[in-house]
Amino acid sequence: MSETTSTSEENKLPLNGRRAIPPNYSNDEENEVPEMEVFGSIPRGFNPRDYLRVVDIYMFKEPQEINRQEHHTDKYYNPKLIVRRGQAFQIQIDFSRPYQPQSDQFWLEFLMGRYPQQNKGTYIPILVGSALKPGQWGAKIIHRENNSIRLSIMSSATCIIGKFRLYVAVLTPYGVLRTRRNSATDTYILFNPWCQLDAVYLDDEKEREEYVLNDVGIVFHGNVEDVKSRSWSYGQFEENVLDACLFLMDKAELELSGRGNPIKICRVASAVINSRDDDGVIAGSWNNSYDYGVAPSAWTGSVDILLEYYSSKQPVRYGQCWVFAGVFNTFLRCLGIPARLITNYSSAHDNNANLRMDFFLDDEGKVDTRLTKDSVWNYHCWNEAWMTRPDLPVGFGGWQVVDGTPQETSDGMYRCGPASVQAIKHGHVCFQFDAPFVYAEVNSDIFYTRMEKNGTQVVENIDTTRIGQLIVTKEVGGDGMVDITEEYKFREGSDEERLALETAVMYGVKKQSIQDTTYQPQTDVDMDFQAQKAVLGNDFKVTITFRNKSRNSYTATTYFSGNIVFYTGVPKREFKKHSFSAKLEPSSSSSFDIVIKSSEYMRDLLEQASFHFFVTARINETGKILAVQKAVMLEIPALRIKTKGELVAGKETSVIVEFTNPLKQTLENVTLRLEGPGMLRTIKKQFGRIPMNSTLTWEVKFTPMRAGLRKLIASLNSDTLRHVYGELNVQIQKP
């Protein structure tokens, strides 16, 4: 397309001394493309209709047609053509008369953005040739009939992704004739994990079906002794979600020319998913008050959040780590980057990445909450995205950690990743981006340090196994859990683990060696702590067990502290204090029970029904301190979902959601949400209250449109009870 100069003022570009054209980071903006581009003066009597003219362009864009089927894009609810890069697709052009290759010349033009330029990949002219080259732009005629031709078009395996505008240009002796702007021929080009030349190529079909095409996932939460799971609707194929995801890149001001690179896309997306410093998608809130917004636990999926942001352009309130990760996963899968949601249990949020979490004890051995600043999250969710890393040495491609939860700034913004999982495992934390932070999240040690009156610190106990002791994701093709801890770290205590740690320290991860501190632990007495499984609203029992392996008798002054905490490990209130003296006979075990009454915790309970127990015991004879901490989650009752009548595509049916209030109090301001990805858009209903022991029943009528196995997901939210979920797998029959 030759540059058209215009003398009119409005067509002039704004003058800017630094760059010839303004930055080009809106996929939505367009430029005017002339329908007739003249080579000089036009002779009198010239009639464009005498030359080959395009009458119609047919895109084969319906879900059942060849393009959508072959490119695995048939599930997108979007009326336009959606294809994946590096793979051929077909279009048909109807001309005003039969096409004559000897005398007629035409070409295709794909354009993106306001200032299309060939060297930036935003203006792509495609001449018709005799053969297609793999992974390079090209077109060839595969069928001619009457006035029509059918073209096979190959896109580049590195082309930018987003929405292109298509024009057909015909050469005449006096100028170029172009088709009119027609939004019906707009073409979305996405990443292609099926194409070997694409940076996101994944070679296992089952994994591609899971990590790109599955629109429902599982979030694992709870804690390491009590793993809980819930479903999350990614909904990457739902109406307008693709446009919302492309808008996020505009919002993050990622230049159009950089949008073929999954590394860049992940980096800017990890910043724009949270609202810190750029008014991104989700505002985080961890303080248990969610005025003027939705409690994080009430969301059942990403679609509502993305569409609300797309229409309002304002951060959506509120999210916590699994919400950021759920929405990020939708974004990645929607654009065609294979992605999965990860949960790291006992995740270290270490403010200075020194691999050391400090818990300070006072003189008596009790935890000093004033001095203790580090926190251990019961769990933390992030994402992994699959891609090559040509910017790193060979061997560090594959899964990359990306995290949209705002924890620490990276290069001045709240974002994290992509960091190579392989690099984290081997301690090569020098490789960009943010590997030291992720390494600390899974590898820190907990130091129990006592402050002496004169200010010296005495390390009383070190726990090297608690942090990052379980890292999981959903299994491929099922709802089960897969333990992927060994992808992040070598076995605790192995030679490889020691080597990886030394490598990380060499590359600048700060680690204080034990030699720097005075540390002589009590080795002949073990202390353990167990909690009985308990249902919310009931009393339960915890047991402290000592094992004296020596031949000496000891007495242990024991402090027990029960705290109601956020799932991030940050305490809200200490609700139970108990101290006792334990007599430890030689070579024997002794257990001590403590009863936790519901009346002690119900008033202040936070939404994830999460407790944190600290037990410290001082052996009086030696002055040494034993310390143990444990997170305990209460069982929260589930919603019951059932269907009524037969489930047939295109036929109305109904679903019933039930919940019985288990608490000894009335639930106020109850909201129910129900969604079924690909079957039922989110429905919300508010109920005033549910008295104790009474049951709420909600019936919803809907018409499933597609046959197949689908999932219904429901959540209940109220002032005193949150994190209540239910789900049901349903098989929709063909009519």
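Author: Start with Asn 443, which is in contact with Ile 467 and Lys 489, leaving aside neighbours within four places in sequence. Contact means heavy atoms within 4.5 Å. This is a predicted model, where local features need pLDDT of at least 70, side-chain atom pairs count only at pLDDT 80 or more, and totals for chains, interfaces and linings use all residues. Residues are numbered from 1 along each chain as its sequence is written, and side-chain values use heavy atoms, with hydrogens and water left out.

Reader: Why is Asn 443 called buried?

Author: Its relative accessibility is 16%. Buried means under 20% relative accessible area, exposed over 50%, and partly exposed in between, with a 1.4 Å probe and protein chains only. So Asn 443 counts as buried. Asn 443 sits in helix α8, residues 435–443. Helices are DSSP runs of H or I with at least four residues, strands are E runs of at least two, and both are numbered from the N terminus.

Reader: Which residues does UniProt list for "binding site"?

Author: The unreviewed UniProt entry lists Asn 443, Asp 445, Glu 492 and Glu 497. UniProt positions are given in the numbering used here, feature names are shortened, and annotations may be inferred rather than shown by experiment.

Reader: How do you know that they gather at one spot?

Author: They span 55 residues in sequence, yet no two of their C-alpha atoms are more than 13.7 Å apart, so they gather at one spot.

Reader: What makes Asp 445 buried?

Author: Asp 445 has a relative accessible area of 10%, so it is buried. Asp 445 is found in strand β23, residues 445–451. Its contacts beyond four places in sequence include Leu 355, Asp 463 and Lys 511.

Reader: Which residues are listed for "active site"?

Author: The unreviewed UniProt entry gives Cys 321, His 380 and Asp 403. These span 83 residues in sequence, yet no two of their C-alpha atoms are more than 10.0 Å apart, so they gather at one spot.

Reader: Is Cys 321 buried or exposed?

Author: Cys 321 has 0% relative accessibility, so it counts as buried. Cys 321 lies in helix α6, residues 321–335. Beyond four places in sequence, Cys 321 touches several residues, including Trp 286, His 380 and Tyr 567.

Reader: Why is Asp 403 called buried?

Author: At 1% relative accessibility, Asp 403 counts as buried. Asp 403 has its place in strand β19, residues 398–403. Among the residues that Asp 403 touches beyond four places in sequence are His 380, Arg 415 and Glu 441.

Reader: What does the side chain of Asp 403 reach at 2.9 Å?

Author: The side chain of Asp 403 reaches the backbone nitrogen of Thr 405. A polar contact is a pair of N or O atoms within 3.5 Å; within protein, one must be able to donate a hydrogen and the other to accept it, and residues adjacent in sequence count only if both atoms are side-chain atoms.

Reader: What makes α4 roughly antiparallel to α6?

Author: Helix α4, residues 262–272, packs with α6 at an angle of about 150°, and their axes are 11 Å apart. Axes are lines fitted to C-alpha atoms, for helices over the stretch in contact, and angles run from 0 to 180 degrees between N-to-C directions. Angles under 35 degrees count as roughly parallel, over 145 as roughly antiparallel, 65 to 115 as roughly perpendicular and the rest as oblique. That angle makes α4 roughly antiparallel to α6.
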